[in-house]
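Hi everyone, thanks for coming. Let me put the structure up on the screen, and then we'll walk through it together.

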Amino acid sequence: QVQLVESGGGLVQAGGSLRLSCAASGRTFSSYAMGWFRQAPGKERQFVAAINWSGGSTYYADSVLGRFTISRDNAKSTVYLLMNILKPEDTAVYYCAAASARLSVRFYSNYERFDYWGQGTQVTVSS
């Protein structure tokens, strides 16, 4: 079992930045690929970014490419999502997730690849 707890969400003006954190506990964090997804009210869950177990490979949704950066610190069992140049359409609940399967990082855009999920953190971007 892996427990995931997100933090760092909040209210920010358009153009601003936030950094989300996801702290993991339980089994060896470094053996899991990690991902960030988001869900806005009335919309489906949407892939944001993924990172492989070592941190050597990352993958982003087109909508956030160049603005968001995913990273991980295996010594701290934490994955991060740095979000810059935020837009109102980035408003959503953001979830981190852990995947045990070893895949090419682009395959983690499918939420079904993930085994464990956090409870989510709200990000609201005002215009």
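Let's begin with Cys-96, which is buried, at a relative accessible area of 0%; buried here means under 20%, exposed over 50% and partly exposed in between, with a 1.4 Å probe and protein chains only. Before going on, please note that this is a predicted model, where local features need pLDDT of at least 70, side-chain atom pairs count only at pLDDT 80 or more, and totals for chains, interfaces and linings use all residues. Residues are numbered from 1 along each chain as its sequence is written, and side-chain values use heavy atoms, leaving out hydrogens and water.

So which residue does Cys-96 join in a disulfide? The partner is Cys-22, with 1.9 Å from S to S; a disulfide is a pair of cysteine sulfur atoms within 2.5 Å. Cys-22 sits in strand β3 (residues 18–26) and Cys-96 in strand β9 (residues 92–99), 74 residues apart. Strands are DSSP runs (E, at least two residues), numbered from the N terminus. Cys-22 is buried too, at 0% relative accessibility.

Now to the largest nonpolar core, which has 40 residues. Such a core is a set of buried Ala, Val, Leu, Ile, Met, Phe, Trp, Tyr and Cys residues joined through side-chain atoms within 4.5 Å. Leu-4, Met-34, Trp-36, Leu-81, Met-83 and Tyr-94 touch the most other members. Strand β9 gives the largest share, six residues.

Finally, look at Leu-4: not counting residues up to four places away in sequence, its contacts (heavy atoms within 4.5 Å) include Cys-22, Met-34, Cys-96 and Trp-117.

Terms used: Helix = DSSP H or I, 4+ residues; strand = E, 2+ residues; numbered from the N terminus.
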